[in-house]
Amino acid sequence: MKKAKLTFDGKVIELDVIVGSENEIGIDISRLKTDSGFITLDPGFKNTGSCESKVTFLDGENGVLRYRGYSIEDLANNADFLEVSHLLIYGELPTKKQYKKLLVDIQERSVLDEDVKKILETFPRSAHPMGMLSSLTSSLVAFDPSSVDVTNEEEMYDAFLNLLAKIPILVAWVFRRRRGLPLEYGDFSQGYVENITKMMFKMPNKKYVENKVVVNAINKLLILHADHEQNCSTSTVRIVGSSQAGLFASISSGISALWGRLHGGANQAVLEMLESILNDGGDISAYINKAKDKNDTFRLMGFGHRVYKNFDPRAKIIKKAAHEVLHDLGINDPILDIAKNLEIEASKDQYFIDRKLYPNVDFYSGIIYKALNIPNEMFTVMFALGRLPGWIAHWREMRTKKEPIGRPRQIYTGEKLREFISIDKR
Ligand code: ACO
């Protein structure tokens, strides 16, 4: 095994070097404190690997993304979301037989306790759907408090399929509740994404007619969002799960982490930003200048990525899909032109060039969701639905590998020991 050497205060410490299957190099510092007494400091974990993982490979310099070895381009163009879910969780694309069984088993589990509706009804109609989804996911534990034995593959399979069956129902219900529509149970035997689409869009006064453009677009978006290695929400799921908190509780915290504007919440923020540019008369350069102004907290939403420093391969696929969906649905949305011009202007601007800021996955996704009649505040919920198999895959990997509890260190910079002064003397 290769070794790295760290010299500090005249002391030389040898550290193991871990080489990944794509020749990524990590210096193993897990024994550093024991061997030397000091720790490493890396706020935001910009340069810290938290685990070894077999799920997703990402090369930020070259814009490469692969799930279990398959390129995102291949999967987005050829697979369906349920196949990809199986791939992420179990490491292999399902055979026809496995796929059929998966659908049947999901269908089996696609009911919710009727009392979940009562919980849903207690939320104000104006409540943000991400908050509702996170709370409802957590509440499911109360209806099935048994914990999953992670050494038992059957129990794990049951828990994973429960999530794959029940979360789409919650998503559809949250969507319908805001619109005041009756809550639907679907029929997954008709196809996983087909059923999600039907549960969301079926109107009580009309026969439901499936629109293939809508189903295909949702399928593609879900695949593109299905995993992205150790992002903020996935790391949250892993760290919560590492305390041996249950699967549903871990996923619920992942949903909360995804909600933030710097993570999944960016897709809602992007569309709101594009709408304000349009409403302000389309002055793109004013927004670019605002984003560059260090005295202004505004950022160009949908731009920049912690890992991609060249381009985000998902953004390329989504940009093309946005064109196709708008064309197929016969929609001419000026927001798409604003987005394209913003991308062109930013790509010529030295500020964005120097910082390697390119459109990310969220930049064009909102335009598609809007064309599909999905309201802004539901965008991040759709992202959560897509990320679900990724979260499950990482939870499974972390628990089966018996990873230690996630517990970072810190460098304390506060007060030294002080004498307590009672309240009447302060
Ligand atoms: N607009 C303007 N400036 C930006 C932007 C942006 N969108 N993103 C980064 N910068 C600037 C920062 O101000 C900083 O400039 P400085 O070096 O002069 O101080 C530099 O670029 C580096 O930015 P960091 O915040 O240090 O980069 P980090 O890797 O921590 O953040 C992040 C990545 C959070 C994605 C950031 O680019 C951002 O806030 N983007 C907008 C929100 C967004 O689109 N999030 C979705 C990400 S994809 C996802 O989660 C699914």
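In this predicted model, the second largest pocket has a volume of about 480 Å³. Of the 24 residues that line this pocket, those closest to its centre are Asp144, Pro145, Ser146, Val148 and Phe248. The greatest contribution to the lining of the second largest pocket is that of H7, which provides five residues. By class, the lining of the second largest pocket comprises 13 nonpolar, five polar and six charged residues.

Helix H7, which spans residues 153-179, also packs against helix H4, formed by residues 96-108. Two packed helices are described by the angle between their axes and the distance between the axes. For H4 and H7, the axes come within 9 Å and cross at roughly 75°; this angle falls in the range of 65 to 115 degrees, and the two helices are therefore roughly perpendicular to each other. On the side of H4, the contact is made by Lys101, Leu102, Asp105 and Ile106, which meet Tyr157, Leu161, Leu164 and Ala165 in H7. Six nonpolar and two charged residues make up the contact of H4 with H7, and no polar residue takes part in it.

Rolling a probe the size of a water molecule over the atoms shows where empty space is left. A search of the whole structure finds one cavity of 30 Å³ or more, and the volume of the largest cavity is about 40 Å³. The largest cavity is lined by Gly304, His305, Tyr308, Asn310, Phe311 and Asp312, together with Tyr358 and Pro359. Four of the residues in the lining of the largest cavity are nonpolar, three are polar and one is charged.

Considered as a whole, the protein chain has 18 helices and six strands. The radius of gyration of the protein chain is 23 Å, close to the 22 Å that the globule rule gives for 426 residues, so the chain is as compact as a globular protein of that length. Taken along the principal axes, the box filled by the C-alpha atoms of the protein chain is roughly 75 × 65 × 55 Å.

Methods
Residues are numbered from 1 along each chain as its sequence is written. This is a predicted model: local features need pLDDT of at least 70, side-chain atom pairs count only at pLDDT 80 or more; totals for chains, interfaces and linings use all residues. Side-chain values use heavy atoms; hydrogens and water are left out. Axes are lines fitted to C-alpha atoms, for helices over the stretch in contact, and angles run from 0 to 180 degrees between N-to-C directions. Helices (H or I, at least four residues) and strands (E, at least two) are DSSP runs, numbered from the N terminus. Angles under 35 degrees count as roughly parallel, over 145 as roughly antiparallel, 65 to 115 as roughly perpendicular and the rest as oblique. Contact means heavy atoms within 4.5 Å. Ala, Val, Leu, Ile, Met, Phe, Trp, Tyr, Cys and Pro count as nonpolar, Asp, Glu, Lys and Arg as charged, and the others, Gly among them, as polar. On a 1 Å grid over the protein atoms alone, a cavity is a set of points where a 1.4 Å probe fits but cannot get out, and a pocket is an open set with protein on both sides within 12 Å along at least five of seven lines; lining residues have an atom within 4 Å of a point. Grid points are joined across faces, edges and corners, and a volume is the space filled by probe spheres set on the points. The radius of gyration is taken over C-alpha atoms; the globule rule is 2.2 Å times the number of residues to the power 0.38.
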